[in-house]
Amino acid sequence: VWIDRLQLHKTAELPAPVNTQVFSLALNNTILNAARNFGVAALFSSGAIQGWATELTKAFLGIYQDTFDCLVFLPTLAAARTLSSNTLDSPDSNSMGSFHLNAHSDVQGIGLDLSDYRVSFGSTNGSGSLDGMLYLDSGIYLDDSQPDFRFSTSNLSQQPNQLLWENILGHELNHQFGSYFTQDTGNGLGLLGRDLDHWNPFFDAGFSTMDGNDWVDNGNGTFTLAHSYIDEIAVSRTTAAMPYNDFDLYAMGALDASEVRPSFVIDNPSYLGYRMRPYASGGEPAPGGGPLIQLQSPFTGVWGDPGYLPNDTVINGTRRAVTLTDVVSQAGPRSPAFPNTQKNFKPAFVVLTDAADTASSIQTMSDKVRGFQNSFSNFYAGISRGLATLELPNAGVSYARSAVLSGIPHSTGTAPLTSVAGILSVPSTPAFFSHTVRPTYDFYWDALVRGSYASMFTEKRKKKSRTLPLTRPAISF
């Protein structure tokens, strides 16, 4: 558990829950048709979201009560391949990646637009508990031979694999609240990097799982990178948890504003005389970019290929202090404010199955997910410093919908793609860097929220992409 001056706030370490429930959901034709027609998720002028992500939640909420804050879908290998190969513009059965999709946000002052798409997600009468859904599939490698490529094939008895998935899940869960500070006001403080919903690589974000780089000010105009996000998670394969920082915890509602410590951004960064900047993919606006960086040749002025900063890199720059007061002056105070905030969250872990799965393979996956969710509940309390907790569903409780609710239609079906063809366009420059950190870049899937658009990409060997109107920020990675 993270220990610092706030340790007195830490609750007693929670024992790993054992009597917890794992749910199961089978892919059906409605889900696969939505994948073919709309991809992951598309917002239409009617205000409805359609796609396979929302069809998953509709199917789940057609069976179970709307009592969970987030639905975490973990596909079997067969389900992941079927869903990917059926998805619009997907290149093959390789991977759909891991992502968070926001269904409802009623928190002000964190840079995130207020939104309510619960009806599209099948949430009861549009006023249920659901705030978002999460799909956990791809790790940091592309090749199926890699043991941590997918959750379903990862050996979680190996600490690097276990930590990889715990850090990824901690990252995706936190996208319900962050990292969005000043996104809606242009990122004037320079806190945000990739897609304007992760931390800037030159912001001292600690070892945050939200792309956090942990910088040390040497006091002489130089800064040492104590923990590099990419080096730690993708190259060195960290054996440590990546905790939420003060700004993360404040956005979550777990930390009072008075206890958010100041941090800093490194302005005018350079390395051995080469200017540096976050690498901005796909024409991303200047304030964003990262976690990769670029160097500019002092001789030609040309910016080089994207790369990453390894641990212990020393750079030059100018320290610019950033406080929560600076953030509040642009974004406003968080509302609701601590302590009148939710601090205990109720996720449901759902094994997504395919017709090719056997009873034995489903049971094996369910057992794996149960062990992982039990371990993760302790992990989450640790990276939250005991200020936020997860409440897993009890295996002895029935969460089935009542007989009355079970008769209520929960899916509006899908419309032909031709009816929305007028809102589709092909972006001139595709995105490059994926939401799951990978050391090779010949494949990616991404949905990058920029302004009022989300660009959804699946590409291998230059396959085309498309852009769909989407109110910011519906999807985060």
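What follows is a short chat about confidence, a helix pair, a strand and a loop residue.

Q: What is the average pLDDT of the protein?
A: This is a predicted model, and its pLDDT averages 80. Of the residues, 76% score at least 70.

Q: Where does the pLDDT stay under 50?
A: One such stretch is residues 1-15, which have 25 contacts beyond four places in sequence. Over residues 403-477 the pLDDT is below 50 as well, and that stretch has 223 contacts in the model beyond near neighbours in sequence.

Q: How should I treat places like that?
A: Where pLDDT is low, the predicted coordinates should not be read in detail.

Q: Okay, on to helices. At what angle do H1 and H3 pack?
A: Helix H1 (residues 29-38) and helix H3 (residues 77-86) pack at about 40°, and their axes are 8 Å apart. Angles under 35 degrees would count as roughly parallel and 65 to 115 as roughly perpendicular, so H1 and H3 are oblique to each other.

Q: Which residues make that contact?
A: From H1 there are Ile31, Leu32, Ala35 and Arg36. H3 brings in Thr82, Leu83 and Asn86.

Q: And how many of them are nonpolar, polar or charged?
A: The contact has 4 nonpolar, 2 polar and 1 charged residues.

Q: New topic: strand S4. Is it buried or exposed?
A: Strand S4 (residues 70-75) is mostly covered, with 6 of its 6 residues buried. Cys70, Val72 and Leu74 lie on one side, while Leu71, Phe73 and Pro75 lie on the other. Both faces of S4 are covered.

Q: Which way does S4 run relative to S8, parallel or antiparallel?
A: S4 and strand S8 (residues 132-135) run parallel, joined by 4 bridges. In S8, Gly132 stands opposite Cys70.

Q: What about S4 and S16?
A: S4 also pairs with strand S16 (residues 347-353) in the parallel sense, over 6 bridges. There, Cys70 has Pro347 as its bridge partner.

Q: Last one: where is Ala400?
A: Ala400 sits in the loop between strand S17 (389-390) and strand S18 (443-450). Its relative accessibility is 39%, so Ala400 counts as partly exposed.

Q: Which residues does Ala400 touch?
A: Leaving out residues up to four places away in sequence, Ala400 touches Ile63, Tyr64 and Gln65. Gly62 is 338 residues from Ala400 in sequence, yet their C-alpha atoms are 9.1 Å apart in space.

Conventions
Residues are numbered from 1 along each chain as its sequence is written. This is a predicted model: local features need pLDDT of at least 70, side-chain atom pairs count only at pLDDT 80 or more; totals for chains, interfaces and linings use all residues. Side-chain values use heavy atoms; hydrogens and water are left out. pLDDT is the predictor's confidence in each residue, from 0 to 100. Contact means heavy atoms within 4.5 Å. Axes are lines fitted to C-alpha atoms, for helices over the stretch in contact, and angles run from 0 to 180 degrees between N-to-C directions. Helices (H or I, at least four residues) and strands (E, at least two) are DSSP runs, numbered from the N terminus. Angles under 35 degrees count as roughly parallel, over 145 as roughly antiparallel, 65 to 115 as roughly perpendicular and the rest as oblique. Ala, Val, Leu, Ile, Met, Phe, Trp, Tyr, Cys and Pro count as nonpolar, Asp, Glu, Lys and Arg as charged, and the others, Gly among them, as polar. Buried means under 20% relative accessible area, exposed over 50%, partly exposed in between (1.4 Å probe, protein chains only). Two strands pair if DSSP finds at least two bridges between them.
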